[in-house]
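Morning, everyone. I'll walk you through one model today. Please have the structure open.

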Amino acid sequence: MVNTLNPLHVDLAGKKYSNPHYFQIQHRITSLINNYLTIEKLNHRLEDLPLQFENPRSGPWKKIDWSSINREQVISINLEVFLSILVGAIDTEAPIRDYTQTSRQYLEKIHPQMARFVGGFTNEDGNIQEVGLWEKEERQHTPALIKVYSQLKGEKITVKLRTVRGYIPTDDPHEDLYRHGLHRVATEYGAACLYLWLMAHTTGALQDVFEQLLIDEINHMTKFWGFGVWLFPDISFLNVGNILVKTRSQDYKCNSLLRTLKRMMEKLNWKSWTLTNKATLIFTFIYTMHRLMAWTNSLTPDYLQELLGKQQSLSILNP
Ligand SMILES: [Fe+2]
Ligand SMILES: [Fe+2]
């Protein structure tokens, strides 16, 4: 489909409408999910994980015409709201180094290769010797969002760095990893849904930026989730729900998945969104989850073992 504002640019979300109503936006979202989240593509991202263990290589970014990004490329979102969504996304993305090092610590004892994938490795003094692939890809996101912000607003933004909840081990490294992993998957899933939704609300070079972010987030979400299903075979969406409401260890981490999403929405200035904006984002969350469930159900133990090897059954739900 040719975009009429910029004749050379193909709109990645299908048909473009100048003033779309709910169902037209929903149609763009559905078309994006059907394009970027096919079972084949998700399998392909997971099958890449053992290759990255062997030979870590980050994929190149597509060429983006940064200088052509402009306000006309925002569809159906109030500009001020759009800018506050960018600020929220920047806040969620940074500080990536702290995130990757926390995840590396949770993984180190259990799966050193995955630990290296997310956080590289450190020497005895704790200095980083090699940067993890996850970090290499993620650390491009904050600068990209900052560039978009300055291009649209005409002024620079200063990033306030938050303190990240670090590595807090208990005496059960498997359960620690399980809970931490859920939180990570939730963040990647939330980010993937947000960037997909933003792709449906943009066009031109602005849409290209969100496409690149979406591709990265889907890549990480798929790898983390598939790895989790392999490592914890008891995992299913039903018992993820179960563990989230369980109060077995009376700590704050119990509902980390919901907390993560709630926190993200607060950061994104959700209260100022139009009803259509809210409804289409909820639709994105639900339809993406639906696709992920279909994919998860297709991950047989044989397929996962062939991909990631045999592992001891780590039952988190029936210890
Ligand atoms: Fe990211
Ligand atoms: Fe991410």
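**Loops, helices and how they pack**

Let's start with S76. It has 21 C-beta neighbours inside 10 Å, so S76 counts as buried. The cut-off for that is 20 or more. S76 lies in the loop between α2 and α3. Look at its backbone, too. S76 is not a glycine, yet its phi is positive, about 65°.

Keep in mind that this is a predicted model.

Now the overall picture. The protein chain has 13 helices and two strands. Of its 319 residues, 36% are buried. Take the contacts with a separation of 6 or more: 76% of them come from residues 24 or more positions apart.

Back to the loops. N269 is another non-glycine residue with a positive phi, near 60°. N269 sits in the loop between α11, residues 256-267, and α12. Is N269 buried or partly exposed? It has 16 C-beta neighbours inside 10 Å, so N269 counts as partly exposed.

P56 is in the loop between α2 and α3, with α3 covering 79-93. P56 has 17 other C-beta atoms within 10 Å, so this residue is partly exposed. Leaving out residues up to four places away in sequence, P56 touches F117 and L133. Then there is G132. P56 and G132 are 76 residues apart in sequence, but their C-alpha atoms are 8.3 Å apart in space.

One more proline. A94 and P95 are joined by a cis peptide bond, with omega about -5°. P95 lies in the loop between α3 and α4, which is 96-108.

On to α12, residues 275-298. Does the length of α12 agree or disagree with its residue count? At 1.5 Å a residue, its 24 residues should span 34 Å. The end C-alpha atoms of α12 are 35 Å apart, which agrees.

Which residues of α12 are buried? N277, T280, L281, T284, T288 and W295. Keep the helix repeat in mind here. An α-helix has 3.6 residues a turn, so residues three or four places apart point the same way.

Let's take α1. Two packed helices are described by the angle between their axes and the distance between the axes. The axes of α1 and α12 come within 10 Å and cross at roughly 25°. That makes α1 roughly parallel to α12. The crossing is right-handed.

Who meets whom? From α1 we have Y22, I25, Q26, I29, T30 and I33. They meet T276, A279, T280, F283, T284, Y287, T288 and R291 in α12. By class, this contact of α1 with α12 has seven nonpolar, six polar and one charged residues.

Pick out A279, in helix α12. A279 has 14 C-beta neighbours inside 10 Å, so A279 counts as partly exposed. A279 and Q26 are 253 residues apart along the chain, and their C-alpha atoms are separated by 9.2 Å.

Last pair: α7, residues 141-153, and α9, residues 204-231. They pack at an angle of about 165°, with axes 11 Å apart. The two helices are therefore roughly antiparallel to each other. Here α7 passes α9 in a left-handed crossing. H141, A144 and V148 in α7 meet L206, V209 and L213 in α9. By class, that contact has five nonpolar, one polar and no charged residues.

That's the tour.

Key:
Residues are numbered from 1 along each chain as its sequence is written. Chains are lettered from A and ligands numbered from 1 in the order in which they are written. This is a predicted model: local features need pLDDT of at least 70, side-chain atom pairs count only at pLDDT 80 or more; totals for chains, interfaces and linings use all residues. Axes are lines fitted to C-alpha atoms, for helices over the stretch in contact, and angles run from 0 to 180 degrees between N-to-C directions. Helices (H or I, at least four residues) and strands (E, at least two) are DSSP runs, numbered from the N terminus. Angles under 35 degrees count as roughly parallel, over 145 as roughly antiparallel, 65 to 115 as roughly perpendicular and the rest as oblique. A crossing is left-handed if the near helix is turned anticlockwise from the far one by less than a right angle, and right-handed if clockwise. Two residues are in contact if their C-beta atoms, placed from the backbone, lie within 7 Å. Ala, Val, Leu, Ile, Met, Phe, Trp, Tyr, Cys and Pro count as nonpolar, Asp, Glu, Lys and Arg as charged, and the others, Gly among them, as polar. The expected span of a helix is 1.5 Å times one less than its number of residues. A residue is buried if 20 or more other C-beta atoms lie within 10 Å of its own, exposed if 12 or fewer, and partly exposed in between; C-beta atoms are placed from the backbone.
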